[in-house]
Amino acid sequence: MAIAVALLVSADPVTIQQIGHALQDLSISPDICQEMPASIRLLNCRKFDAVVVDLQLGEQSGRVLNEVHLSPSNRTAVTFAISSSDPTTTSALRQRSSFVFERPLSALSISSTLKPAYGLILRERRRYFRHPVTVPVTILRQSKPEVLCHSVNISEGGMAVNTFAPLTASEDVRVRFTLPDHREPFLAESRICWCTTGQLGVRFVSLSQQHSSELQEWLSRRLEEMLPEFVTEKFQTAERSSITVLND
């Protein structure tokens, strides 16, 4: 199972094969796109943890990088450029990406570029990662009876719950729940962000620093459990490196 998804935009079969294999070795699934309009459509309708753009596509590659930064769901994705044989094009566009794969490409050079970026990709994935879990949830409403329900999944930013209670989108509530293996309940100032028959989505507006850190750590462990064994050690090393960088 892939731990993250990357959009790979290139028209060169050899480049696609080299970068694609390197991403798969890190349990990152490459979504390959060879046409510029199609890549822009994907950025507007899907979430990617990383975006790799081949600068040999010329000025069109700049459009893709611009679209990444403008996309509400992808503006924080980790971006990579693959250098072009045209030094002018490469110099102008590489500054729009976080990392650059230098040509000529080799397994060693690709790996050396991906290594420092891996922790950032996993951190990006964790921000949007929703872990399926069923725990009792209490929704507290001002001057109204509390709602007892169960979670469907949980992420750093909120949760989905099963309930037929008559709540409405944009309603401000408080949500109380206890994570598995935790004794102390979490209490989050929240907002109902969507409602469907039998389910609704809750966005955490305010969570204590302690509970926010505990939730991040809990989700990181759940994400790690999903990794293939051959990637687990790389995940742990990258996650520690990412935390160290953030704390510096």
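Modeller: In this predicted model, consider contacts between residues at least 6 apart in sequence: 60% of them join residues at least 24 apart.

Biologist: How many helices and strands does the protein chain have?

Modeller: The protein chain has seven helices and twelve strands. Of its 248 residues, 47% are buried.

Biologist: How is a pair of aromatic rings described?

Modeller: Two values describe such a pair: the distance of the centres and the angle of the planes. Four aromatic pairs occur in this structure. For Phe80 and Phe101, the ring centres are 5.2 Å apart and the planes lie at 15°. Planes under 30 degrees apart count as stacked, so this pair is stacked.

Biologist: Where in the chain do Phe80 and Phe101 lie?

Modeller: Phe80 belongs to strand β4 (residues 78–82) and Phe101 to strand β5 (residues 99–101). The two are 21 residues apart, and their pair links distant parts of the chain. Both Phe80 and Phe101 are buried. Ring pairs also join Phe80, Phe99 and Phe101 into a cluster.

Biologist: What are the distance and angle for Phe177 and Phe204?

Modeller: Phe177 and Phe204 form a stacked pair, with 5.9 Å centre to centre and 10° between the planes. This pair links strand β10 (residues 172–177), which holds Phe177, with strand β12 (residues 199–206), which holds Phe204. The two residues are 27 residues apart.

Biologist: Why does Phe204 count as buried?

Modeller: Buried means under 20% relative accessible area. Phe204 has 10% relative accessibility and therefore counts as buried. Phe177, at 1%, counts as buried by its relative accessibility.

Note on methods. Residues numbered from 1 in each chain as written. Predicted model: local features only at pLDDT ≥ 70, side-chain atom pairs only at ≥ 80, totals over all residues. Heavy atoms only, no water. Phe/Tyr/Trp six-rings, centres within 6.5 Å; stacked < 30°, edge-to-face > 60°. Helix = DSSP H or I, 4+ residues; strand = E, 2+ residues; numbered from the N terminus. Buried < 20%, exposed > 50% of the residue type's maximum accessible area, 1.4 Å probe, protein only. Contact = heavy atoms within 4.5 Å.
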